[in-house]
Amino acid sequence: MRRAAIIGTGAIAVSHAEALRAAGDRIELVAVVDVDDRRAAAFAQEWNVPRVHARLATLLDVEELDVVHVCTPPRSHTPLALECLAANVNVLVEKPPALSLSEIDTLIAAERSSTGRVATVFQHRFGPAAHRLRRLIAEGALGRSLVAKSDTLWYRDGAYFDVPWRGSWESEGGGPTMGHGIHQFDLMLSVLGPWQEIRAVAARQSRAVQTEDVSMALVTFADGTVASVVNSVLSPRETSQLRFDFEHATVEVEHLYGYTDAHWTVTPAPGHDDVATRWHEEQSTVVSGHGCQLAAFLDALDSGETPPVTLADTRNTMEFIAALYASAFTGTVVKAGQIGPDSPFYPTMEGIGAPWANAR
């Protein structure tokens, strides 16, 4: 039985607690931490957690832990993960895992001198359909990848941004590109592999925030695939969509916050009906939630492997975000590998500053 703790008992912590409970006798939730002691106590009572601690330092001193689930606001993710690594404890950190490429590189350096490892919560990578899609691509069943799109069209009203840490570069690191669309285009990146260059725009259309409330990008991948990526919190009909057009089939998913096989469709090109047949040989009702990733995380610990999603994988997604902002704010094409320590978009996603007046 492995031992886990959750730091931060807000809304997303419920998903982690559910995943831990669903894992059965593989892992137990032994403690929680929150700056709000009443909220922590209520959470502990609801989820049968035996102990509550006021600070992470206390938790790490008194508990024997295999993993700490970091479910706090984004600004604290890197400092808390560094504290866990210093104590040689594994970390499962919510998105966005850091506020910048600089912070990701700091985590990578700290991980080298720790027996703990950091894994980022990108749970949609772990749904059965995503595994099947990547396998069929690897086997060549779908042919060459040609066109793709990732749309995260969500709706967050003004009241949503009344929470002090939302909508600012300093505390959230960005707008829907960082905090909302990241799940969909991370899955796209895990399917299509290395990206090559980005042309992007970002705008603040409506919400009283510092960051963007919508962004759009045209992306070229190393294998020649061209893709579009849209991230919005202004869209009353909410949807999360991915579409992949291969030589032999179109593969699509439309859901909102989690998919099952029922959300996916496969449309074969003429003469390639066998693709649909192969797709439907396996069917699952499992939702692409935190439980899928936690199971993979525990499997990795049991086998002595590095838990997914690694910091190297995470860096690729974070570099994509930095490049999107850099392209949008400079009006230029940004290539993979272009944003190094000398770039203004390395220490902060805001870079040279957004091309609109600060709303706060």
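**Notebook: sheet, cores and a helix pair**

I started with the sheet: eight strands make an open sheet in the order 13-12-11-7-10-9-8-14, and the pairing is mixed. I noted the edges next. They are strand 13 (264–268) and strand 14 (334–335), and each pairs on one side only. A reminder to myself: this is a predicted model.

**Entry: what packs on the sheet**

I looked up helix 9 (residues 182–192). Helix 9 packs on the sheet and touches strand 7 (145–155), strand 8, strand 9, strand 10 (226–232), strand 11 (234–246) and strand 12 (249–255). The direction of helix 9 makes about 165° with that of strand 7.

**Entry: strand by strand**

I took strand 8 (residues 195–203) and strand 9 (residues 214–221) as a pair. They run in the antiparallel sense over eight bridges. Glu197 stands opposite Thr220 in strand 9.

Then I moved to strand 10. In which sense do strand 9 and strand 10 pair, parallel or antiparallel? I found the antiparallel sense, over seven bridges. Here Leu218 stands opposite Ser228 in strand 10. Strand 9 and strand 10 also form a hairpin, with four residues between them. In that turn I checked Gly224, which has a positive phi of about 95°.

On to strand 7. Strand 7 pairs with strand 10 in the parallel sense, over seven bridges. Val147 stands opposite Val226 in strand 10. I also looked up how covered strand 10 is: five of its seven residues are buried, so I wrote "mostly covered", since buried means under 20% relative accessible area.

**Entry: the cores**

How many residues does the largest nonpolar core have? I read 84. Those with the most contacts inside this core are Val68, Leu133, Met188, Phe244, Phe320, Phe329 and Ile339. Helix 12 (residues 311–330) gives the largest share, eleven residues.

Leaving aside neighbours within four places in sequence, Met188 is in contact with Ala148, Lys149, Ser150, Phe221, Ala227, Ser228, Val229, Leu242 and Phe244. Another core lies apart from the largest one. This other core has 24 residues, among them Ile6, Trp47, Val121 and Leu294.

**Entry: a helix pair**

Last, I checked helix 4 (residues 77–86) against helix 5 (residues 101–112). They pack at an angle of about 5°, with their axes 10 Å apart. Helix 4 and helix 5 are therefore roughly parallel to each other. From helix 4, Thr78, Ala81, Leu82 and Leu85 meet Glu103, Thr106, Leu107, Ala110 and Glu111 in helix 5. I sorted the residues of this contact: five nonpolar, two polar and two charged.

Key: Residues are numbered from 1 along each chain as its sequence is written. This is a predicted model: local features need pLDDT of at least 70, side-chain atom pairs count only at pLDDT 80 or more; totals for chains, interfaces and linings use all residues. Side-chain values use heavy atoms; hydrogens and water are left out. Axes are lines fitted to C-alpha atoms, for helices over the stretch in contact, and angles run from 0 to 180 degrees between N-to-C directions. Helices (H or I, at least four residues) and strands (E, at least two) are DSSP runs, numbered from the N terminus. Angles under 35 degrees count as roughly parallel, over 145 as roughly antiparallel, 65 to 115 as roughly perpendicular and the rest as oblique. Contact means heavy atoms within 4.5 Å. Ala, Val, Leu, Ile, Met, Phe, Trp, Tyr, Cys and Pro count as nonpolar, Asp, Glu, Lys and Arg as charged, and the others, Gly among them, as polar. Two strands pair if DSSP finds at least two bridges between them. A nonpolar core is a set of buried Ala, Val, Leu, Ile, Met, Phe, Trp, Tyr and Cys residues joined through side-chain atoms within 4.5 Å. Buried means under 20% relative accessible area, exposed over 50%, partly exposed in between (1.4 Å probe, protein chains only).
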